[in-house]
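Please look over the sequence and the structure shown below before reading on. The report that follows takes up strands, cores and a few backbone details in turn.

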Amino acid sequence: MAGKYDLVIVGGGISGASLLYTTAKFTNIDSIALIEKESEIAAINSHHTNNSQTLHFGDIETNYTLEKAKEVKEGAELLAGYLEAHDPDDEMHARRSKMVLAVGDEEVSELERRYDEEGFGDLFPKLRPIEREEIAKIEPNVVEGRDPEVDLLALQTPDGYVVDYGRTTKSFVDRASEESHVDIYTGTEVTDVTPTLDGYTIDTTDGRFDCEAAVVAAGSHSLQIAKELGYGQDKVLLPVAGSFFLADDLLNGKVYTLQMKKLPFAAVHGDADVHDPSVTRFGPTAKLVPTLERGRFSTVSDFLDVFGLNAAAALSYANVLSDRVLLPYVLRNLVYDLPEVGPRQFLPHVQKVVPNVDLEDLERATGYGGVRPQIVDTSQKSLDMGEAKIVGDDIIFNITPSPGASTCLKNAMRDTRTLLEFLDGDYAFDETAFRADTIDNFPRGDAADSLAGDDIVDGVPAMDD
């Protein structure tokens, strides 16, 4: 296999696939190829067992600032609109109730401030504060067994999209493949990327690809390739692996706890599995690992390429990990993976969501969880909480830390604009058609649309799944 293309996309996860769909369906770029090293599309982090299945809007993620929530909101609505338009049988998603829960006076006050004073109530018109009685109607197990003297408050919304990102990735690729100028290559591993006078040569295990422009959307490996080409020298990685615990049917939708503002990691939350509502998943945990892919020790050498074995990197890691919030968090999360001790230590986090859960109700979710790249900026000696994208000469590197899946179409939209600047040709991007196929299908409304009030039947919320 080999060929010459206007655009080559490296990586068949949700990030690469969403860009393929956007460029194939809504631009007139003449020839596009997608290269994926695995035998199947979406085999690594986009697989539904390897992420928390959450579509992040920024409404209940309490470590998001209002500015970040505004950014994430549009991205989530683009993807939600796509799912509403192209998944009528709910094979890729389910729409359920979603809430963030405050327990105790201090957390209740913080959540009230967030909603009323910080502007989240205005930004998200479907989001509404509910108290103990209404929480119990929507999520009975959240209230049952809890001390009645302890204050409770939740911010609840019907936009609790639970997403199978693997199937969504395949949907993007399938729709792009309808176009005659698109080629998909699986089982094709990139061995070298070389700049040329008119673009790039990409050597693979199945031959050579030449292109005018390239996008590397290969997760943590994106920074590895970027560094080989001289980009991203002030960035190193801290790969973080997430794990989960499973329990029987305990929740109807998603229930988040309050997050620490300085942490880029999701707070422990519970939600029903996208394909099996009788299973409730709790997590994620977050531990540092010396690999770029979960359970693949062959990627240790790749990790060393992006870890940064130099003084600047060492000082940056020391500065990040010595943080008085982050260090205890990292150490606690190491404990959760230990046999016997781990589930016992994790149990209080689950009981904050569902008080009546016992240790025997939990089991480790074997085989679940992926690796998320956290970017460390060695020039600032800090975690980079912004977008992990490097734009070079006719090439883009997407490293896509969370919420990369939620904002995949927004990233694709931005990258498509950049690619048209790269390519020497009379190419255009039909953003009106792109929006008509995606965000225009997102259900607008206000609190009256929520899964409470008239939608409650015998104490059970009416769900769309």
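## The open sheet

In this predicted model, strand β11, covering residues 245-248, is joined by four bridges to strand β14, covering residues 279-283, and the two run antiparallel. Within this pairing, leucine 246 has arginine 281 in β14 as its bridge partner.

Both strands belong to an open sheet of eight strands with mixed pairing, whose order is β4-β5-β3-β12-β13-β14-β11-β16. The edges of this sheet are β4 (128-130) and β16 (363-364), each of which pairs on one side only. Helix α3, made of residues 105-116, lies across β3 (93-103), β4 and β5 (152-163), and its direction makes an angle of about 60° with β5.

## Strand β9 and its partners

Strand β9 runs through residues 207-216 and is mostly covered, since seven of its ten residues are buried. With strand β8 (residues 199-204) it pairs in the antiparallel sense over five bridges, and a hairpin of two residues leads from β8 to β9. In this pairing, aspartate 203 has arginine 208 of β9 as its bridge partner.

In soluble globular proteins, nonpolar side chains tend to be buried together. In this model, the largest nonpolar core has 61 residues, and those with the most contacts inside it are Leu55, Phe172 and Leu409. Helix α2, formed by residues 66-86, gives the most to this core, contributing eight residues.

Which residues does phenylalanine 172 touch, if residues up to four places away in sequence are not counted? The list consists of Ile14, Ala17, Ser18, Tyr21, Leu79, Tyr82, Cys408 and Leu409.

## Backbone details in the loops

Most residues other than glycine have a negative phi, and most peptide bonds are trans. Glycine 283 and proline 284 are joined by a cis peptide bond, with omega at about 0°, and proline 284 is placed in the loop between β14 and β15 (287-288).

Glutamate 340, although it is not a glycine, has a positive phi of about 65°, and it is found in the loop between α11 (326-335) and α12 (341-353). Is glutamate 340 buried or exposed? Glutamate 340 counts as exposed because its relative accessible area is 65%, and the cut-off for exposed is over 50%. Aspartate 394 likewise is a residue other than glycine with a positive phi, near 60°, and its loop lies between β19 (389-391) and β20 (395-398). With a relative accessible area of 28%, aspartate 394 is partly exposed.

Technical notes: Residues are numbered from 1 along each chain as its sequence is written. This is a predicted model: local features need pLDDT of at least 70, side-chain atom pairs count only at pLDDT 80 or more; totals for chains, interfaces and linings use all residues. Side-chain values use heavy atoms; hydrogens and water are left out. Two strands pair if DSSP finds at least two bridges between them. Contact means heavy atoms within 4.5 Å. Axes are lines fitted to C-alpha atoms, for helices over the stretch in contact, and angles run from 0 to 180 degrees between N-to-C directions. A nonpolar core is a set of buried Ala, Val, Leu, Ile, Met, Phe, Trp, Tyr and Cys residues joined through side-chain atoms within 4.5 Å. Buried means under 20% relative accessible area, exposed over 50%, partly exposed in between (1.4 Å probe, protein chains only).
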